[in-house]
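User: Please examine the structure below and answer some questions about its sheet and selected residues.

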Amino acid sequence: WGVFCEPPRGVAVAEWEQKEFPLMWTPDEADVTSPVVIQGLLSSDVIARYLKLGEDAAAREGAADSEAWQSVFDVPEDQFCSAAEDVMHNLQGHRVVHLHKDGWSDAMCCDLMVHFRRAMQQHDIWGALQGRSFHVRSFEYHHYDTGGSVLDENHRDQGSLLTMSAMLSQEGEDYWGAEFVTWDSGQRRERRLGKGDAILFPSEKRHNVKQVRGDRRCIIMELWEGPANRRNRHQ
C-alpha cells in the first residue's frame, strides 16, 4: 500500500510538495557517512591569527585547574551539564577554550568565523544544513599536551548538525600520534591531517583523537539549530 503523507491543515498539496525537508539522521546513520577532508583550508597567516586568538583567550580564562571539579556540585541542577563541561575543558592535557564566550570572538575575529562557517556550508555534501536555520553552537580552541586525547569510542557531538576541526599544528614537527579516528560503518579508520587541513563530518558521527605526544592545537566549530551560544556548548 505504500506510505501516505498528508500536508498540515491549511497547507495546499502543491505547496507541500515543493517544500524542502531538513535531513534527519540517527547516530547509526551518521556513522555510515564518510568525513570530508579539506586540504589547505587555513593559510599560514590565518593559522598564526588563530594561535594568537586561542592563546589570548586561554590567558583571559586563566591557568588550567585540575581541582575545579569540586565546584561542580555547588551549582543548581539545571546548570550541572554546563558546569561539568567547563571543568572537563579546563584540565591539563586537553584544554578547551570557547572563543564564542560573551561574543568575544565576534569582535576579535569575525572574518575568521565567517570563513570557517562558509567552508562548512560549501562542503556540506550531505545537505545537513539545507532547509534549516542554523547558528554557531561552539567555536573552540583545543590545546593538547602529551597524554591528551579523546578516547571514548562513543564520543559524538550530540545535538549538533555539523562539526569541523582544522589543524594549527604539524604532525612530526609539533606533535606525534593523535590520529583523528572515525567509525565508518562499524570499521575504525584513522586519518592524518596536515597543518592547515580540516575535517568536516556529521556531528552525530563517532570520532576520537588518539593520545598526543608533544603539542597539538586545533580549531573546532559546531553548527546546530539552536540559538547562538554565549558561554559554552550548553549555554
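Analyst: Six strands make up an open, antiparallel sheet, ordered S1-S8-S4-S11-S3-S2; strands are DSSP E runs of at least two residues and helices H or I runs of at least four, numbered from the N terminus. Two strands pair if DSSP finds at least two bridges between them. This is a predicted model, in which local features need pLDDT of at least 70, side-chain atom pairs count only at pLDDT 80 or more, and totals for chains, interfaces and linings use all residues. Residues are numbered from 1 along each chain as its sequence is written, and side-chain values use heavy atoms, with hydrogens and water left out.

User: In S8, which residue is the bridge partner of valine 37?

Analyst: S1 and strand S8 (residues 198–202) pair in the antiparallel sense over three bridges. Within S8, valine 37 has as its bridge partner isoleucine 199.

User: Is asparagine 208 buried or exposed?

Analyst: Asparagine 208 belongs to strand S9 (residues 207–209). Buried means under 20% relative accessible area, exposed over 50% and partly exposed in between (1.4 Å probe, protein chains only). Because its relative accessibility is 5%, asparagine 208 counts as buried.

User: What is the relative accessible area of glycine 172?

Analyst: Glycine 172 sits in the loop between strand S4 (162–167) and strand S5 (175–177). Glycine 172 is partly exposed because its relative accessible area is 41%.
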